Amino acid sequence: MFDIDLWREIFQSINKNRLRTLLSGFTVLFAIMLFTILFGIANGLQNTFTEAFADDATNAIFINSGTTTKAYKGMQAGRRIQFDNEDYNYIKDDSGNNIEFMTARIYKNVNASFRNENDSYSVRAVHPDHQFLEKTLMDEGRYINQRDVDEKTKVIVIGSKVEEDLFLKTKALGKYLNLSGIQYKIVGIFSDEGNESEERLIYMPVSTAQQVYGNNDYVDQINLGYNREMNFDQAISFSNSLTKKLKDRFSVAPADQRAVRVRNMAEASKNVNQMTTVLGIIVLIIGMGTLIAGIVGISNIMIFIVKERTKEIGIRKALGASPNSIISIILVESILITAIAGYIGLLIGMGILEIVGPGMKEYFITDPGVSMSLVMSATITLVLAGALAGYLPAKKASKIKPIVALRND
Amino acid sequence: MLKINQLHKSYPIGDSSLHVLKGIDLSVDSGEMVAIMGSSGSGKSTLLNIIGMLDEADSGDYILDGVPIKNLNEKKAAIYRNKFLGFIFQSFNLINYKNALENVALPLYYQGLKRKERQEKGKFHLKKVGLLDWAHHLPSELSGGQKQRIAIARALAADPKLLLADEPTGALDTTTSYEIMEFLQQLNDEGKTILIVTHEEDIAEMCKRIVRLKDGVIMEDKKVNQVRASQYV
């Protein structure tokens, strides 16, 4: 039922009582605006955290070697531990079903040149499984495969930045790149979800690197992904037992922290999950707080408005206004103001996030934003709160005898 | 027109209650102009409020234009007030953010009239009180006498059977008071029934009948020779 006269009355009342309108409007506007901005920033923080760890597989375990710090079993401290292919195979056989993927890593620095362009890059010599560890995304071609490792082929996979830097505008796939004097065929171009420096890497088969650089079977690092069916505690105990076995194998003191280092990402990702949960709770509390402050504010104003209008209500009643018409005139006015002000607050809040958002990355805030449904429900909550806060006193005012209302000066 | 029988009303004051009206019998015929007089606390305003359905009696009968006014719910009371009664208050009680015409047309809004009709009727009544030129002025831009005349136009707008005036000249100076009284007399001459609560003797003399209240009972009820206000203006 659309009653043009009711709306005319309401618009007149809104228009002629600007201060009142502004007061209630601003309360809702600021509440929604703050709500939007706070939620957006919190979401941005959360995005930063998830993004920082989205780069690598969350079930990864990194195994590094170093020098011993404690004398053990008749051996001096300061002995250097070097992993080789045998260690790699030992871990692989020993772990069996407990691992999802596994790769060794050898680090080398090379000077790469193609025609007149040249620059120095880091090379990682790896097994095919390395792709899962780093979540490497293939743009073109293929990754290192088992045949490359078996046959020690001279192939490389380069990051998209390497292609950009050395090949300028031309295609790199299929071409030969000179790495410190040896020609390698480019079989794939990759990109990475992580930062740009990941895309300046060059991958080659682990066996090729062993043959070309030093003719040995050393590996610098052994990385694996534990079976995802394991829960957190199982994953931790798996890596702990692995550490123990490796220390035994290399006759390293159990308390030696340097010689064999096993880093399990399960711990880190558990921390991140906890962090995001805590952050989510903080955000919820802040959001609720803002909303409650807004509700209290609009409620106060509505009570004040009804009090201020008591005399007017008395006059209207004396002239024949029914209680329902009194209630509707107050309620529709408050709903109208809160809804419009809430919407404007939402737009301003989202606008601010939109403008400031991209520049906030260095403050650990990535893509701050809020879901429309969330802000809409916040606005609706405020509108309903305002309506309820207006309804109760309006109902009371509509019930008081006109004579009492008229006496109210 | 109006018949009241053994009307009682008391107000609670703390634990005890104050008996304001102690059995009022009053009947007013159509076309009468009655002044209800009494010192403050005599119950005259309470009586007017009950007649105006702004307040309810504790016991007793009240029949207005053949309709018994009893146990009305708010909605019904609103309809009756709109249909039967026009109010004039001491403090005018105009809505301050509405202009003169809008104030006058407000009772018509509650009668459910169309906007155009409301405007026309409103203008007609403004013309009647001689303030058509002031139709678009806010109450704050008007003098006391003008405000009261706007209020009278508003009371007349719904074409009520009974005009109730509570100290209509209480906030006005003598000259303006007489102007208002002259206008009320003129309305009465045209056949409107008018009830005026006042404590001013000269205003009461301008009515056709004076009812004196004291401590909640009618002390005196007499017809008087109406003093025409026009001779003072």
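Strand β3(B) and strand β9 (residues 209-214) of chain B pair in the parallel sense over four bridges; strands are DSSP runs of E of at least two residues, helices runs of H or I of at least four, both numbered from the N terminus, and pairing requires at least two DSSP bridges. The model is predicted: local features need pLDDT of at least 70, side-chain atom pairs count only at pLDDT 80 or more, and totals for chains, interfaces and linings use all residues. Residues are numbered from 1 along each chain as its sequence is written, with chains lettered from A and ligands numbered from 1 in the order in which they are written.

Five bridges also join β3(B) to strand β8 (residues 193-198) of chain B, again in parallel. A35(B) has I210(B) as its bridge partner in β9(B) and I196(B) in β8(B). In a regular strand the side chains alternate between the two faces of the sheet. In β3(B), M33(B), A35(B) and M37(B) on one side and V34(B) and I36(B) on the other are all buried, that is, 20 or more other C-beta atoms, placed from the backbone, lie within 10 Å of their own.

I36(B) is among the residues with the most contacts inside the largest nonpolar core, which has 119 residues; such a core is a set of buried Ala, Val, Leu, Ile, Met, Phe, Trp, Tyr and Cys residues joined through C-beta atoms within 7 Å. Helix α2 (residues 18-54) of chain A gives the largest share of this core, eleven residues.

Between the chains, 19 residues of chain B are in contact with 16 residues of chain A, contact meaning C-beta atoms, placed from the backbone, within 7 Å. On the chain B side, the largest share, six residues, comes from α2(B).

Conventions. Two residues are in contact if their C-beta atoms, placed from the backbone, lie within 7 Å. A residue is buried if 20 or more other C-beta atoms lie within 10 Å of its own, exposed if 12 or fewer, and partly exposed in between; C-beta atoms are placed from the backbone.
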